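Here are my notes on the aromatic side chains, jotted down for whenever you get a moment. Have the viewer open as you go through the points.

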Amino acid sequence: MKKMTGLLISILLLLTACGKQAPAPGVTDTEILIGNIQDLSGPMKELGAVLPAGSNLYFRHVNEQGGVHGRQIKMIVEDHQYNPQKAVTSAKKLIEKDQVFCLYHVIGTSPCEALRPLLAETGTPLIAPATQSGTMSDMSRPASDLIFHTDTGYDKQTRILVDHILSEDANAKIGVIYQDDDYGENVLKGAAEVEQATGTSIQKEAYQRGATDFAGQVGNLIKGGVNHVIIAGVVKEPIIVMKTAAAMGFSPQFYGTSPTMDHRVALAAGPAGEGFIAANFANLWNSDAPGAVEYRELCAKYEVPEAYMGMYHFYGFITAKVLVEGLERAGKNPTRKRLVNGLETLNKWDSGAFPPITYSSSDHAGTESVVLVQVKEGVQTVISDWVD
Amino acid sequence: MKDRYEDENLHWIPVLITLVILLPFVIQGLTYSYKYYLFVLNIAGIYIILTVGLDLLSGYTGLISLGHAAFLAIGAYSSAILVDQFGIPFFLSMIISPLIAGLFGLVFGFPALRITGMYLGLTTMGFGFIVKRLIIALREWTHGAGGLDVSYPVIFGYTIRTDWDNYYLIYFFAVLAIVAGRRIGKSKIGRAFMAIRDSEQAAEASSVNLAKYKMLAFFISGLFAGFAGVLFAHTNHFISTDHFDMLLSIYFIIMVLVGGVSSIYGAVLGTLFIVLLDNLFVPLLEDWIHVFFNTETGDIQSLIFGLVMFLFIIFQPMGLYGMWLKMRIYWKLFPFNPRKRFT
Amino acid sequence: MTELITGLLQESISGIALGCIYALIALGFTLIYKATEVVNFAQGELMMVGAYVNFFFVTTFISSAGEPTLWTFIVALAGSIIFALAFGWLLDLIINRPMKDEPIFSIIMATISLSIILRALVAIIAGPMSLLPISPFGEGVFSFGGIVISILDTFIIGSAVILVILFYYFFNKTRWGVAMQATSEDPIAAQLMGIPVNRVNSLVWIFSALVATISGILLAPKLSLLDTTMGFLGLKAFPAAVLGGFGSIAGAIVGGVIMGVIETISIGTLSFHYVWIKEINDIIVWIVLIAVLMIKPDGLFGVEKVKKV
């Protein structure tokens, strides 16, 4: 009994400890509070460590320059373990208890989708959700006026990759290996669109999340006489697929969607991964793009550990630039409405890393194009301009 | 062994449960973050409806289900589709959707006529995966793996929209579910369930129709879970197959076990304990830890949750309910308590 | 026609290799279940811990002795095995001992929370980044008649077969093995007959940790990246263990291989010819499992227990 009473009292104390109403939520004279929900202990926890670190790198830089309109940016990170229900609970905590100004860079398609009702109810904007699902910028869905997507969707990426293949080789036989979930569904949507537009037919092979063996899928692609394969996987899958294909003496040209852009694909796949072409929604972190140069300078300045540096850390960095630009444009007395209006004034805005970003009240997709990156002698090399 | 609980007049348990549930009224004037507590409490309320049914199945009847999230999914998707795509009123869907889940319960229960123990647990786990697949395959209605938007429910012209509306809706039915669960547990049906759990052979010899009661247990359990699913869909407003994964089913079993098997109050207490621990105490505790240690990894939350669970099971294998019993007996016998009992 | 047969043969070979991984994990389940009737939900996590520990040894030796040689891997393997023995003993001490007289389900719950703890602890110690495992097997393949099998897969199949034979022999022919069987049948009677039940249980957990570590070492290079989600593979091995009949050593490998082959063939040839199979690729093993259990409720090799009132 005593323990229980103790627990009750501690709930009361914990809940009362944190309450003092601010005029606009999360904004004080000296600070802007941003909420971020990452997967810190679930299947994508690697990104959960790296993405916020990248964002914080830029926030630190901005804060040392005096902040946004004199206000320091502070980010609170919560954990959703890639579970949509926990994402909503975490968002509720951030919005109601911590009183954040907006949500930013929440990872995962289904967690972001699950937030829509809550965003609509509280009017909280979600800037740069960390998913490339094209459904995020679907303007017919709830809260779509509050979500600002920065990345080119998987459906568009697939369409661009297929168009690229057909422009190189008009008689190409194309195959897709996709993850059998919402990610794959978005890829298939793009594939269906391009099939209709060009009249080609694409062979589709599914795999389950966590699969370790791809002999079946690769065997089917061989039987189907495919010579160009798009892998819509994450990091492990392209490695295993390309190794399996090499072992089975099958050597098509491999392509990948943006999550396969990780530099470890080239590292782990070794000779089997040579020539692999990945589409990316932003410039390479080690390229000559102005954003990337700035990124590397700041990494050196703040002594970022080498293990963190890479595409995902950079991704956190460049989305932070978009957010800060939005906050700048929200003016001296920011409200959530002004942030939305501010972002909607972005017109072909160059972040130095993303393709030019354009938002309007009827379009929150941001970008439509990708850059193609090929592995040459084990090193990722940009082989194209923005393609759309 | 479990019946002993009922003999003790444990009115403290319902009082504690009521206190936790009524807490938002107390704290709403004190702090504006009561909304967060209210939200977590609403989740707990939905799960309470489910775990009461799961307790009747796994606790009373001894049939282990590791796929109960599937019933939640069936109830949720049925209701979302019925209301939003077929225009059926919400209160009718509250009757039809649980029945659909109950019918699936009969399908789940069918193997239970032959399969027992952990084998049954694994079979129900398999059913959980199969239902998930089924939902994705029916993409014409369910939008596949992408998830489904669900409308705000309307009861007699009143739209249920805010957290407080949800709270009243959920806890009205949660209390009903607790009362119903206790009634069933004490009725002839409940006694037949317990007879099956204790010994199938003895039950059969005492003319308990095994097949009938096992199926009934799955049906009732499906009803409860399906009902929870209806509330889940219409208070969450977005459902996807990711919401109902296998780990959630395991969490449900943990909730029932933490509370103490085969006592409805135990299941309710266990559900409140786990949901509040996982969604409220651990995140708040972690915030507090961050003040002192600047840790970068996010696994501290999982670690705390796992450790609390682990220590709890090691030191309180009888569950929360058992802990109460021990304390009561301790005070009854004070100061003449035999030492060994309380280690 | 020949294309179809080569395809099927290739898929069967890959399926057997995949199945042997399931078999190795299932063997871990089986050992504990056989002696204590506890289903160890942390088996996949034990495997993950084994893989991490081996990785740690390999990298430490490489950083101190330079280029990896065969000896590096053998010494690392020995180190991992010693760790596994200690780890299994410790698990018995903290889980099995204190909960000896508690309901089986409480122990199962303890293993579930153990799995949460192990995943979190490993991530905290090793850091959040995935690791690139270093393997002694390289990328080499054996090829005959258009069918290929990698050296790694051959090793996986070989180890699974050897371990199953060893344990089968141990359980049926040695004194300790028979003592274990007796303990699982009736712990109290076994105790009365002078069998040190505690030590037997401890041995079972040690064996199980050992098998888990070996499978972790073999599986890590196949996964191409090592992270804590490796533990979830334990859940994939469940149907295999149940199909063979929990508690049967021969059943573990037969169940594993059947499940592995069904999975690969359904993803491969079956999906190629019948598109609708794609919808059920990930549940086909569960459908097979439920169908088999309906006919044989204790699995293929399980022993039906006579129930008394």
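This is a predicted model: local features need pLDDT of at least 70, side-chain atom pairs count only at pLDDT 80 or more; totals for chains, interfaces and linings use all residues.

1. Phe172(B) has a relative accessible area of 53%, so with the cut-off for exposed at over 50% it counts as exposed.

2. How do the rings of Phe172(B) and Phe173(B) pair up? They go edge-to-face, with 5.0 Å centre to centre and 80° between the planes. Over all chains, the count comes to 43 aromatic pairs.

3. Now look at Tyr251(B) and Phe305(B). Their ring centres sit 5.6 Å apart and the planes make an angle of 25°; planes under 30 degrees apart count as stacked, so that is what this pair is. Phe305(B) is buried, at a relative accessible area of 4%.

4. Phe25(B), Tyr34(B), Trp164(B), Tyr167(B), Tyr168(B) and Tyr171(B) are joined into it by ring pairs.

5. Last, charges over rings. In chain B, Arg161(B) lies over the face of Tyr152(B), 4.6 Å from the ring centre. In chain C, Lys34(C) lies over the face of Phe171(C), and the distance to the ring centre there is 5.3 Å.

Note on methods: Residues are numbered from 1 along each chain as its sequence is written. Chains are lettered from A and ligands numbered from 1 in the order in which they are written. Side-chain values use heavy atoms; hydrogens and water are left out. Rings of Phe, Tyr and Trp (its six-membered ring) pair if their centres lie within 6.5 Å; planes under 30 degrees apart count as stacked, over 60 as edge-to-face and the rest as tilted. Buried means under 20% relative accessible area, exposed over 50%, partly exposed in between (1.4 Å probe, protein chains only). A charge sits over a ring if NZ of Lys or CZ of Arg is within 6 Å of the ring centre and within 35 degrees of the ring normal.
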